[in-house]
Amino acid sequence: MPDITSNVSFENVAREWRCKWSEDNEKASLTALQELLSANLAAIKESGATVQRVVCGSCMDFKVIMTLPAESFGAWEEAGFAPEAEFLKGMEAIDGVTQVETQTYTLESL
């Protein structure tokens, strides 16, 4: 188990793709984001990651979190987090979507 400090260890690394959606047009951007995720879910899971989706109705967050064991994460990173580039382009192309970002972090159940 890798250590960040003497008392902070981790077994899993997560990659997050996130953006903000709009309530305009009856939340059309949120509907489109879910359609994009559904269309790409099989390709995302090819990495071996577990996939979670987070939607916040008050701050308009849409997040997709892929989690892999730390020892497997490097290979996916070297592959460019496929299909990340295409997925992010898809997010950016949706009217009402803003603040498209990514982040990598450790993620543990305690």
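## A bridge between two strands

Trp17 has Thr102 as its bridge partner in β6. Strand β3 (residues 12-20) and β6 run antiparallel and are joined by seven bridges. Two strands are said to pair if DSSP finds at least two bridges between them. Helices (H or I, at least four residues) and strands (E, at least two) are DSSP runs, numbered from the N terminus.

## Basis of the report

The model is predicted: local features need pLDDT of at least 70 and side-chain atom pairs count only at pLDDT 80 or more, while totals for chains, interfaces and linings use all residues. Residues are numbered from 1 along each chain as its sequence is written, and side-chain values use heavy atoms, with hydrogens and water left out.

Four strands form an open sheet in the order β4-β5-β3-β6, with antiparallel pairing. Its edge strands, each pairing on one side only, are β4 (50-56) and β6 (98-106). On average, neighbouring strands of this sheet are turned by 15 degrees against each other, direction ignored.

Helix α3 (residues 84-92) lies across β3, β5 (61-69) and β6, and runs at about 20 degrees to β3. Axes are lines fitted to C-alpha atoms, for helices over the stretch in contact, and angles run from 0 to 180 degrees between N-to-C directions.

## The position of Ile4

Ile4 is located in strand β1 (residues 3-5). Ile4 counts as exposed because its relative accessibility is 53%; buried means under 20% relative accessible area, exposed over 50%, and partly exposed in between (1.4 Å probe, protein chains only).

Leaving aside residues up to four places away in sequence, Ile4 touches Phe10 and Thr106, where contact means heavy atoms within 4.5 Å.
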